[in-house]
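Let's walk through this protein together, one question at a time. Have a look at it first.

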Amino acid sequence: MPPPPPPCFTTDAAVHDENRDHAGREAIRAWVAETSRKYRPTFTVMRASVDGDDVQLAVAVSGQFPGSPVTLDYALRLRGGQISTLTIE
């Protein structure tokens, strides 16, 4: 049985990562599974700022990918305490 959809995301959440869009909890769950299997990433939050429902993070990401480690910018928008959008650049 596959893991349940990530409860930290709204049911209509959207993620943009590696020039691809993932919409809805099931697509996001599949993206997390694929990314975890492919890259075996570890994460360290380097910086965080919050402005209302907008969260900006600088995250050091290490894993099995060329150029590791890298620092990526995560932009999150919250709605009702859950992530409604996540953009990783």
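Q: Which residues of the largest nonpolar core touch the most other members?

A: A quick note before we start: this is a predicted model, where local features need pLDDT of at least 70, side-chain atom pairs count only at pLDDT 80 or more, and totals for chains, interfaces and linings use all residues. Residues are numbered from 1 along each chain as its sequence is written, and side-chain values use heavy atoms, with hydrogens and water left out. A nonpolar core is a set of buried Ala, Val, Leu, Ile, Met, Phe, Trp, Tyr and Cys residues joined through side-chain atoms within 4.5 Å, and buried means under 20% relative accessible area, exposed over 50%, partly exposed in between (1.4 Å probe, protein chains only). Here the largest one has 15 residues, and those touching the most other members are Phe9, Val15, Ile28, Trp31, Tyr74, Leu76 and Leu86.

Q: Which elements each supply at least two residues of this core?

A: Helices (H or I, at least four residues) and strands (E, at least two) are DSSP runs, numbered from the N terminus. Going by those labels, the suppliers are E1, H1, strand E4 (54-62), E5 and E6.

Q: What is leucine 86 in contact with, leaving aside its neighbours within four places in sequence?

A: Contact means heavy atoms within 4.5 Å. With those neighbours set aside, the list for leucine 86 reads Phe9, Ala14, Val15, His16, Trp31, Tyr74, Ala75 and Leu76.

Q: Is threonine 10 buried or exposed?

A: Threonine 10 sits in strand E1. Beyond its neighbours within four places in sequence, threonine 10 is in contact with Arg25, Arg79, Gln82, Ile83 and Ser84. Its relative accessible area is 4%, so threonine 10 counts as buried.

Q: How many bridges join strand E3 to E4?

A: Two strands pair if DSSP finds at least two bridges between them. E3 (residues 42-51) and E4 run antiparallel, and valine 45 stands opposite valine 59 in E4. In their hairpin, with 2 residues between the strands, glycine 52 takes a positive phi near 65 degrees. As for the bridges joining E3 to E4, there are 9.

Q: Which residue in E5 is the bridge partner of valine 55?

A: E4 and E5 are also paired, in the antiparallel sense, over 8 bridges. Valine 55 has as its bridge partner in E5 leucine 76.
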